[in-house]
Amino acid sequence: MSLTQDSGRNWPRERVEQTARAICDPPAIADLLAAAANPSPDEVRDILYEAGGGRGLTAAQAATLLQVTDPSLREQVKDAARQLHERLFARRVRLLAPVCPTNRCINECLYCPLRRSNSRLRRTASSARDLQREVTALVDEGHRHLTLVFGEDRSGIHYVCDMVNAAYGVRSGTRRVHRVDLNLNSSHPEELAALAQIERLGTYHVYQETYDPETYARLHVDGPKQDYAWRLTCHDRACEAGLRDVGLGVLLGLHDPRFDVLAVLIHAQYLLERYNTAAEVITYPRLLPVPGAPVTRDTSWQVDDEAFGFLIAVTRLVAPVTEIVLSTPATPEVRRQLYALGVSQVSVGSLSYPGVYSADGDPEAAGSLRIGRPRNLETLVYRMCEVGFVPNFCVECYAQIRQKLSDDSRQAERYPVHRAAANSLLALKEYLLDYASPETQNVAAGIIQEELARLPRKVRDATLDLMEEAEAGLRGQML
Ligand code: SF4
């Protein structure tokens, strides 16, 4: 297997290396962090004051916040993030379901149980019909937003396109999927061009895992993913191919989290400047001990709950309108804290194996990862409402928000706060009417009333009119 990749005319190796250096300059990031060590309280407060304006922060300011160690100053950083997040996202949390069409992978990432040499799990790949059974089970539960998660197998981009189209093709009565995101390994330009042909494709997520080249090399010991620079430049290729929504991420726990978080924030700023399409989504999975992946037991860079919340808070202040995803398990109390600090999307359940939702998959495909069927959606909706958050099923307003933001920049002042709030309430109302038990309807009704009361009168009245129409049976109403 070749360690490096190029893609002929458009992406010769030289361009890959050059672009990678423009995205991430590890010594420069280390210098930024070193220069920002031991920030004074005044310095931090000045930055927080500026962050409150919702215009984002520079890389140097981000480095300073990441270097805060004093507990009371860290609390001030979190308070500032809570206020900004509340102003922009108003307690809304999107819900998405991860679906795994295949557990085949040719890479050897030492932190992942799906890595090629792990013989403990039986390999399998869904057909389009298998996947549609899974998706039907999910839409029948009320899900509208899926992420299809692929390792790297040899089935090729046509398989990926077929799976996305199969998911969009599901109809269960009037129910359907509204948005399908992809979590895919780095792709070649012609593959990305094929993805760009898919109507309504959601976010294209590729996580760098760690931006530190040495750690990256140590943990990716075989397969195409070994190529650090190729992976780092995949969002550039995606933007050039016409994909508008891209997602970044790092696996917290592999390397110094301050370095990796600063690097991912710099990467997002680079994409904004270059393509006017900031990373729409940043995901921070946390390394958890799992069988079949021995390095996950290494706790050298473990991120505890407090540190995780702090990193989310800094990210919210630096990138005010970026969606931040919680994708790994947390206790209900920790989840509640993270929703308040900056998390705006949550993965409902952890991925386990192909066929897990339709209950016709092969549990041996999860190997020792076997964790049973992921969490029930309604339970999460109920718990969210109970603690004052709004489960957000609206995915259509992604496009509206992007349009609004792309007119100028992704600064908070451009964010259509009230429209996003109203649309999320309308989508929640539809979910309650179509799927929820009386108990859930009851607890959610309180949240809907509270949130309606916060809207300007004109928006509130329009929302109430549309809710009446939803009660009469109309669906898909939006402001
Ligand atoms: S992290 Fe992704 S690419 Fe690496 S082994 Fe796991 S599934 Fe394959």
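Leu 146 is in contact with Leu 96, Ala 97, Val 99, Val 135, Leu 138, Ala 167, Val 177 and Val 180, once its neighbours within four places in sequence are set aside. In this predicted model, Leu 146 also belongs to the largest nonpolar core, which has 132 residues. The residues with the most contacts inside that core are Leu 146, Leu 148, Ala 167, Leu 262, Val 314 and Leu 317.

The core draws on two domains, with at least three residues from each of domain 1 (13-28 + 77-375) and domain 2 (397-471).

The overall architecture may be considered next. The protein has 19 helices and nine strands. Its radius of gyration is 22 Å, close to the 23 Å that the globule rule gives for 479 residues, so the protein is as compact as a globular protein of that length. Taken along the principal axes, the C-alpha atoms fill a box of roughly 60 × 60 × 40 Å. Buried residues account for 48% of the 479 residues. Among contacts between residues at least 6 apart in sequence, 78% join residues at least 24 apart.

Individual buried positions illustrate such contacts. Ser 126 lies in the loop between E1 and helix H6 (128-139). Ser 126 counts as buried because it has 23 C-beta neighbours inside 10 Å, where 20 or more are required. Beyond four places in sequence, the contacts of Ser 126 are Pro 101, Thr 102, Leu 131, Pro 354 and Gly 355. By contrast, the C-alpha atoms of Ser 126 and Lys 78 are separated by 43 Å, although these residues are 48 apart along the chain.

Tyr 431 is placed in helix H17 (residues 417-435). This tyrosine is buried, since 23 other C-beta atoms lie within 10 Å. Not counting residues up to four places away in sequence, Tyr 431 touches Gly 142, Phe 393 and Ala 436. Leu 219, which is 212 residues from Tyr 431 in sequence, lies 42 Å away from Tyr 431, C-alpha to C-alpha.

Cys 394 occupies the loop between strand E9 (390-392) and helix H16 (397-406). Because 24 C-beta neighbours fall inside 10 Å, Cys 394 counts as buried. Its contacts, leaving aside neighbours within four places in sequence, are Asn 423, Ser 424 and Ala 427. Helix H17 spans residues 417-435. Cys 394 and Gln 337 are 57 residues apart in sequence, with 22 Å between their C-alpha atoms.

Ala 241 is found in helix H11 (residues 234-241). It has 20 C-beta neighbours inside 10 Å and therefore counts as buried, the cut-off being 20 or more. With neighbours within four places in sequence left aside, Ala 241 is in contact with Pro 189, Leu 192, Ala 193 and Ala 196. Asp 140 is 101 residues from Ala 241 in sequence and 34 Å from Ala 241 in space, C-alpha to C-alpha.

The residues around the ligand are Cys 105, Asn 107, Cys 109, Cys 112, Leu 114, Arg 115, Gly 151, Glu 152, Asn 185 and Lys 225. This shell divides into four nonpolar, three polar and three charged residues.

Most residues other than glycine have a negative phi. Asn 38, although not a glycine, has a positive phi of about 50°. It lies in the loop between helix H2 (26-35) and helix H3 (41-51). Asn 38 is exposed, because 10 other C-beta atoms lie within 10 Å and a count of 12 or fewer defines that class.

Ala 90 likewise has a positive phi, near 45°, in a residue other than glycine. Its position is the loop between helix H5 (71-89) and strand E1 (92-99). With 18 C-beta neighbours inside 10 Å, Ala 90 counts as partly exposed.

Notes
Residues numbered from 1 in each chain as written. Predicted model: local features only at pLDDT ≥ 70, side-chain atom pairs only at ≥ 80, totals over all residues. Core = buried A, V, L, I, M, F, W, Y, C linked by C-beta atoms within 7 Å. Domains from an automatic or database assignment. Contact = placed C-beta atoms within 7 Å. Helix = DSSP H or I, 4+ residues; strand = E, 2+ residues; numbered from the N terminus. Near = placed C-beta within 6 Å. Nonpolar A, V, L, I, M, F, W, Y, C, P; charged D, E, K, R; others polar. Rg over C-alpha atoms; globule rule 2.2 N^0.38 Å.
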